[in-house]
Amino acid sequence: MAERNSKTGPTGVSRRSFLGKTSAAFAAVASFPALAAAQQSQNRQGGANEQELGPRNPALQAQEPDSMFPPATDAGGQPPFKYSFALSHRRIEPGGWTRQVTVRDFPMSKRMAGVEMRLVAGGVRELHWHVSSEWAFMTSGSARITAVDHKGRAFVEDVNEGDLWLFPGGVPHSIQGLGENGCQFLLVFDDGNFNEFETFLLTDWLHHTPPEVLGKNFNVPASTFNNVPAHEKFIFNAELPRPLTEEKKQVYEAVGPVPNSYAFYASKMEPTKVTPGGSVKIVDRNNFSATGIAAAIVTLKPGGLRELHWHPNADEWQYFVKGSARMTVFAAGAHARTMDFHPGDVGYINQSLPHYVENIGETDLVFLEVFPTGEYQDISLGEWLAHTPSRLVDQHLGTGEDFLNKIAKKEAVIAPEK
């Protein structure tokens, strides 16, 4: 697992590289430009046996060169491990919009579901809660988030692009867009069957509770609740909130704030690891005590590689923020498949399946790795080989012990290929 040197987190969890190849000895393999390979596949002029005479979708095929012309190493019937938010139905409301990718859309995604949401300036995601925990990443703009825990302790904070939050299951909360243009963010839930359109909403609940019961509950006349809307508000327009200091003073006055903040300012966090091939920020319970969902925010430079590895403790849910990538997943039994990824795509890798992610574009690739567990763990191919007796490994691979002895035992990376 990547070595921690972040100012926001503890130090020391591993002795090897998170990004790039695990040894300079791999450089010869890495020297073939990934982008050129993708373009070569896309523009390939095959024989008659490769011609398409029937219906085709050129725009989609141009985005999927590794499906059109798979690497020779692909084999077997590995199912797709990709789904795009662009295929999801978008619900548009006065205060913004939302769409989701769940196990109903993406059958492989059994442990996690995702939601994209946009809120205009002042737009409110109604006060609500749900059974699943909610992990969020701000992709644009700023937002005011609020919550109250089981002891009545309050939470109010502002978050910006690159920041994240975690609301535990059952904790009521809200989100409101700030600034001139509001915000957009990603939500990830630790239940593949989550449904954004069936959460516990404040207005929906009160509308379905007899007014006399509400009156008795608060010791006020039932008429106090005459203006409760007949339909859920869900995402609605509202005035911008009061200044943060003023709202904090109001809600903290009686019981005080939650002991562990639900917000994490990843935008201000020093990378856990920086290499010539890119950087990574790891956020888990070691540096964000409120979270039960671990994550890595990965940036790869053109030609950079998220090294061959696997995760021994959980499935991995991915979200591609910017750039272009390809990924091969090996599923044992001679099953392997390579797929291409673009902004808004979701990837899903079952627990312990080995894979890599490669930047095949001309700009930085940014993607998220999210796990339904509080602790981030991974094992790399290089780490495994470097700490196994070299004679034993050579008896398997026939690479020669000289190559094996050169694999870095601590930190070894490659520079971008461009």
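Q: How much of the chain counts as buried?
A: In this predicted model, 51% of the 418 residues count as buried.

Q: And the accessible surface, what does that come to?
A: About 19,600 Å² for the chain, with 54% of that belonging to carbon and sulfur atoms.

Q: How many helices and strands does the chain have?
A: Ten helices and 24 strands.

Q: What share of the contacts comes from residues 24 or more positions apart?
A: Counting contacts with a separation of 6 or more, 77% are between residues 24 or more positions apart.

Q: Switching to confidence: what's the mean pLDDT?
A: The chain averages 89, and 87% of its residues reach 70 or more. Residues 21-42 have pLDDT below 50, though that stretch has 39 contacts in the model beyond near neighbours in sequence. Residues 411-418 are also below 50, with 37 such contacts.

Q: OK, pockets. What volume does the second largest pocket have?
A: About 390 Å³.

Q: Which residues lie nearest its centre?
A: Val124, Leu127, Ser174, Gln176 and Phe236, out of 19 lining residues.

Q: How does the lining divide into nonpolar, polar and charged?
A: For the second largest pocket, eight lining residues are nonpolar, five are polar and six are charged.

Note on methods:
Residues are numbered from 1 along each chain as its sequence is written. This is a predicted model: local features need pLDDT of at least 70, side-chain atom pairs count only at pLDDT 80 or more; totals for chains, interfaces and linings use all residues. Side-chain values use heavy atoms; hydrogens and water are left out. On a 1 Å grid over the protein atoms alone, a cavity is a set of points where a 1.4 Å probe fits but cannot get out, and a pocket is an open set with protein on both sides within 12 Å along at least five of seven lines; lining residues have an atom within 4 Å of a point. Grid points are joined across faces, edges and corners, and a volume is the space filled by probe spheres set on the points. Ala, Val, Leu, Ile, Met, Phe, Trp, Tyr, Cys and Pro count as nonpolar, Asp, Glu, Lys and Arg as charged, and the others, Gly among them, as polar. Helices (H or I, at least four residues) and strands (E, at least two) are DSSP runs, numbered from the N terminus. Buried means under 20% relative accessible area, exposed over 50%, partly exposed in between (1.4 Å probe, protein chains only). Contact means heavy atoms within 4.5 Å. Accessible areas come from the Shrake-Rupley method with a 1.4 Å probe; for residues, only the protein chains shown count as cover. pLDDT is the predictor's confidence in each residue, from 0 to 100.
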